[in-house]
Amino acid sequence: MAARSLPHQPLEEPIVLPFNKAADNNKGFILEKLLKHLPEGATVLEVASGTGQHALHFSKAMPAINWQPTDLPHHLQGISARFELEEQPENLMSPRALDISALPWSTQNDLFKQHFDALYACNCIHVISWDLVEAFFQGVDGTLKSGGHLFLYGPYKYEGAFTTQSNEQFDGWLKETFPGGGIRDFEAVNALAEAIGLTLVADHAMPANNQFLVWKRS
């Protein structure tokens, strides 16, 4: 009698985490600036968390800071997988869905009815349309505490001029790749911030021709 072979057991496929090289490169430099401005016990709402690399790195490096990552629904699975595999610290909250165009943000989730000590977004506003940039600041207006900070990281133009030739080339690529995207004029972004009661308190030059902008709400 011929021996019966056991049913084939498919091998479990390894989880491939989403990874962003730029996020890995700039996390240390951004952390240094965050430490200058964030008080212990602060709760930070991160908009457009992407791969979750920054959320994980910052929450591990700042155990006294509570970090709430958010992004569009299709990014949440990858973020959650990273947290599960790399040991999510207690001060790092599970990612929540946030569509910056759906105003007010409080209608999307009760979480956004509370006011946060700080909002943070990295490499975000140059990959979305200007209408969404305006929506972003309206969302900030509804979720940032009095005395709270807004942190934005990315490239900017000043008085209509690029800071480097490479940024000008990058701007061309952004416009081809992201509908309505492009490197923003600092003055236009600052005007949106001022319109919701924010005052610029720092403009840090960063590596790779980026800026780390800090506003505070009166």
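Reader: What is the strand order in the open sheet of three strands, and is its pairing mixed or of one kind?

Author: The order is β7-β6-β8, and the pairing is mixed. Please keep in mind that this is a predicted model.

Reader: What makes β7 and β8 edge strands?

Author: Each of them, β7 (161-162) and β8 (184-185), pairs on one side only.

Reader: How do you know that β6 and β7 count as paired?

Author: Pairing asks for at least two bridges between the strands. Strand β6 (residues 156-158) and β7 are joined by two bridges, so they meet that requirement, and they run antiparallel. In one of these places, Lys157 has Phe162 of β7 as its bridge partner.

Reader: Which strands make up the open sheet of seven, and in what order?

Author: Reading across, the order is β3-β2-β1-β4-β5-β10-β9, with mixed pairing. At the edges stand β3 (96-97) and β9 (198-206); each has a single partner strand, so one side of each lacks a neighbour in the sheet.

Reader: In what sense do β2 and β3 pair, and over how many bridges?

Author: Strand β2 (residues 66-71) pairs with β3 in the parallel sense, over two bridges. There, Thr70 stands opposite Arg96 in β3. Helix α3 (residues 73-85) lies across β2 and β3, and runs at about 140 degrees to β2.

Reader: Which strands does helix α4 touch?

Author: Helix α4 (residues 130-143) packs on the sheet and touches β1 (43-47), β4, β5 (144-154), β9 and β10 (210-217). Its direction makes about 150 degrees with that of β5.

Reader: Let us turn to the rings. Why is the pair of Trp105 and Phe136 called tilted?

Author: Rings pair when their centres lie within 6.5 Å, and planes under 30 degrees apart count as stacked, over 60 as edge-to-face and the rest as tilted. For Trp105 and Phe136 the values are 6.4 Å centre to centre and 55 degrees between the planes, so they form a pair and that pair is tilted.

Reader: Which parts of the chain does this pair tie together?

Author: Trp105 lies in the loop between β3 and β4, while Phe136 belongs to helix α4, so the pair links parts that are 31 residues apart in sequence. Both residues are buried. They also share one aromatic cluster with Phe137 and Trp215.

Reader: Then why is the pair of Phe170 and Trp173 called stacked?

Author: Their ring centres are 5.9 Å apart and their planes stand at 15 degrees; that angle is under 30 degrees, so the pair is stacked. These two residues are three apart in helix α5 (residues 165-177), and about one helical turn separates them.

Reader: Are Phe170 and Trp173 buried, exposed or partly exposed?

Author: Buried means under 20% relative accessible area and exposed means over 50%. Phe170 has 29%, so it falls in between and is partly exposed. Trp173, at 43%, is also partly exposed by these limits.

Reader: Which residues have the most contacts inside the largest nonpolar core?

Author: That core has 29 residues, and those with the most contacts inside it are Trp105, Leu119, Phe136, Phe137, Leu150 and Leu152. The elements giving it two or more residues are β1, β4, α4, β5, α6 (186-195) and β10. There is also a second, separate core of 25 residues, which includes Val44, Leu56, Ile79 and Tyr153.

Terms used. Residues are numbered from 1 along each chain as its sequence is written. This is a predicted model: local features need pLDDT of at least 70, side-chain atom pairs count only at pLDDT 80 or more; totals for chains, interfaces and linings use all residues. Side-chain values use heavy atoms; hydrogens and water are left out. Helices (H or I, at least four residues) and strands (E, at least two) are DSSP runs, numbered from the N terminus. Contact means heavy atoms within 4.5 Å. Axes are lines fitted to C-alpha atoms, for helices over the stretch in contact, and angles run from 0 to 180 degrees between N-to-C directions. A nonpolar core is a set of buried Ala, Val, Leu, Ile, Met, Phe, Trp, Tyr and Cys residues joined through side-chain atoms within 4.5 Å. Buried means under 20% relative accessible area, exposed over 50%, partly exposed in between (1.4 Å probe, protein chains only). Rings of Phe, Tyr and Trp (its six-membered ring) pair if their centres lie within 6.5 Å; planes under 30 degrees apart count as stacked, over 60 as edge-to-face and the rest as tilted.
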